Amino acid sequence: MQSTLPTTGHGTLVAMVAIEARRFARHPLFLLGALVALVLQPLVSGVGDPFASDVLAWPIIPAFFIGLPSLVVAALLTRSTEAASEAMGTAPGSEARRTLAVAGAAVVPFTVGLLWLAELFAIVSIKGVHPHELWFGTMDDLHVWGILLALGPVACLGGALLGVLAGRWLTFRGAPAVVVVALVAVDIGAQIGTMGEDIVAHHASGDLGVRARLLAPWALWHSGGLPDGRASVGGGDPVWYLFYLLALCALAVGGAAWHDRTARTPRLRLTLYAVIGVAVTFLALAVFAGPEAGTVSEPVPFKVEG
Amino acid sequence: MTVDLIGVGKSYAGTAALSDITLSFGRGVTGLLGPNGAGKTTLLRIVATSIAADRGRVRLLGGDPHASHAELTQVRRGLGYLPQELGYPGDMTTYGFVEYVAVLKEWNDRRARQREVRRVLELVGLADLAGKRVAKLSGGQRRRVGLAQALLGDPRLLVLDEPTTGLDPAQRATLRRTLSVVAHEATVLLSTHQTEDVAALCERVVVLAAGQVRFDGTVVDLVATAAGRVWLTDHDVPDAAVTWRTGTGRHRVVGGSPPPGAESAEPTLEDAYLLMLGADAAVSALPA
């Protein structure tokens with residue numbers, strides 16, 4: 001008896017994404033990172049402080065504890081199914097479809113990133129923020145959303161998608177760890193000129209070198225609290241930066257799919273060129289269309305040292 | 001015919017793995033025999049569309065897998081393949097792995113997919129181990145997982161590369177029962193080093209050596225080539241193709257001149273195979 005069923009490509013992809021998402025969500029590395037991120041956030045909110053402080057610096061938590069582990073998990077998942085590539089390669093589903101399925105599973109870290117964001121808002125609504133805090137009301141609301149989304153949930157998403165790209169193209173042992181180190185190095189390298197004691201001065205200067213940090217896939221916007229109680233946010237437009245990161249996410253998926261020779265259609269090639277163009281445009285807008293000089297806060301009294 | 005190979009050739013780094021192979025396969029079970037390096041796996045990989053032939057024409061399930069990606073996909077919808085070596089994602093359970101392949105084979109309806117996965121796991125005797133990680137299964141059990149994924153969807157063309165590796169006699173008997181059911185409706189090609197599996201399962205046998213077909217016919221006809229050339233004797237015979245001391249203390253002699261006092265023995269498929277391939281087969285017949 002022939003028991004095969006009629007087929008649709010879309011239905012297959014959805015089913016594959018569901019399987020990969022379950023695998024992602026159950027991975028110990030991801031679970032540990034997510035747990036640490038969600039537990040740590042209330043602790044860094046300033047346990048003894050009267051208000052939540054340096055809130056726009058908090059996204060480093062999901063980026064580090066969810067985004068980076070998600071990179072490794074996604075790379076491992078991408079490579080693990082290739083262990084059975086000879087059997088799977090003769091099934092109707094192509095390698096590109098398997099790639100898209102793991103990429104689709106990035107919805108898991110993205111969702112946890114959104115959960116982190118919800119937790120942040122919950123903490124802020126309970127603790128409140130000082131009127132001088134760089135937050136809604138003292139900054140453009142859209143810019144605040146841009147920073148929170150770009151450096152939080154989208155960083156979680158982007159980490160996973162970069163992992164899929166790495167998993168497809170880099171097959172040497174330890175490749176995911178190497179990519180993590182490289183990513184951190186690139187991020188630090190892009191911002192090194194804006195760091196140190198003069199960070200507020202750097203942010204306030206309007207120097208193009210400060211905005212050039214936006215080239216990095218995770219750019220620091222908030223200076224963190226300084227001894228004099230002030231803080232600053234660097235120049236550039238966070239909303240365009242968010243779109244730039246989303247374009248990089250799309251590029252990662254396209255680049256991973258490109259690994260499958262049968263997927264290298266003219267349509268994919270054109271799409272990749274278009275996404276590259278869009279990413280460059282968004283980056284240019286982030287660097288040049290937003291405020292040149294950063295925003296510096298008034299001192300927050302309880303943060304003044306000494 | 002389900003499979004038509006005409007003048008098929010394949011080379012690796014200048015070495016011909018297959019030379020001018022012309023074969024056709026229809027419904028039923030065909031065994032591929034041959035020493036290591038004969039080209040069995042290469043042939044099966046071409047039929048399974050895992051690799052493309054360098055020369056010749058290949059038609060599978062009425063389609064040309066090289067004509068277009070759409071036609072290749074259509075062929076693959078009717079195909080089940082168990083490779084010689086099959087790795088498994090470390091975190092997947094038996095059920096999870098087979099389900100994953102079921103999704104790749106476009107079983108999109110979740111309930112139907114779950115029923116089909118359970119059906120094939122039952123067929124290979126792994127229903128009780130569905131929740132166990134594949135990494136924790138024995139070699140024979142993992143081989144059966146591989147067989148299960150190949151059986152998904154009752155493929156019209158089933159390609160099995162050494163399916164009995166790692167299976168104990170009871171498991172091989174189960175496999176034979178499974179394949180004898182499948183073969184009523186499907187074309188089954190299997191390669192094996194176990195001549196008794198070929199004898200038990202296959203109506204037809206193809207013997208490959210050095211990338212060429214040395215024999216293509218029924219098992220009975222192959223065995224007949226060894227008639228009158230197999231003896232039992234009390235002594236070793238130097239000019240025999242192969243000789244060994246059996247458990248009864250007597251020597252089984254295959255090929256060569258009949259030794260004095262030897263009694264004629266009923267030839268087996270293994271004897272015919274050893275005679276056909278001579279030194280090549282003798283080397284490959286030695287224990288590893």
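**Sheets, helices and the chain contact**

Reader: In what order do the strands of the open sheet of 6 strands in chain B stand?
Author: The pairing in this sheet is mixed, where two strands count as paired if DSSP finds at least two bridges between them. Strands here are DSSP runs of E of at least two residues, and helices are runs of H or I of at least four, both numbered from the N terminus. The order of the open sheet is S5-S6-S7-S3-S8-S9.

Reader: Where do these coordinates come from, and what must the pLDDT be for local features?
Author: Residues are numbered from 1 along each chain as its sequence is written, while chains are lettered from A and ligands numbered from 1 in the order in which they are written. The model is predicted, totals for chains, interfaces and linings use all residues, side-chain atom pairs count only at pLDDT 80 or more, and local features need a pLDDT of at least 70.

Reader: Which strands are the edge strands of that sheet in chain B?
Author: Neighbouring strands of the sheet are turned by 15° against each other on average, with direction ignored. An edge strand pairs on one side only, and that applies to strand S5 (79-82) and strand S9 (212-218) of chain B.

Reader: Over how many bridges do S10 and S12 of chain B pair?
Author: B:Val230 stands opposite B:Val254 in S12(B). Strand S10 (residues 230-233) and strand S12 (residues 251-254) of chain B pair in the antiparallel sense, and the number of bridges is 4.

Reader: How are H5(A) and H8(A) directed to each other?
Author: Helix H5 (residues 95-104) and helix H8 (residues 153-169) of chain A pack with their axes 9 Å apart, at an angle of about 150°. Axes are lines fitted to C-alpha atoms, for helices over the stretch in contact, and angles run from 0 to 180 degrees between N-to-C directions. Angles under 35 degrees count as roughly parallel, over 145 as roughly antiparallel, 65 to 115 as roughly perpendicular and the rest as oblique. H5(A) and H8(A) are therefore roughly antiparallel.

Reader: Which residues of H6(A) make the contact with H3(A)?
Author: Helix H3 (residues 60-80) and helix H6 (residues 107-127) of chain A pack at about 170° with axes 10 Å apart. Residues are in contact if their C-beta atoms, placed from the backbone, lie within 7 Å. From H3(A) come A:Pro62, A:Ile66 and A:Ser70, and from H6(A) come A:Pro109, A:Val112, A:Gly113 and A:Trp116.

Reader: Which element supplies the largest share of the side of chain A that touches chain B?
Author: Across this interface, 26 residues of chain A are in contact with 32 residues of chain B. Helix H1 (9-26) and helix H4 (85-88) of chain A each supply at least two residues of the side of chain A that touches chain B. The largest share, 6 residues, comes from H1(A).

Notes. Contact = placed C-beta atoms within 7 Å.
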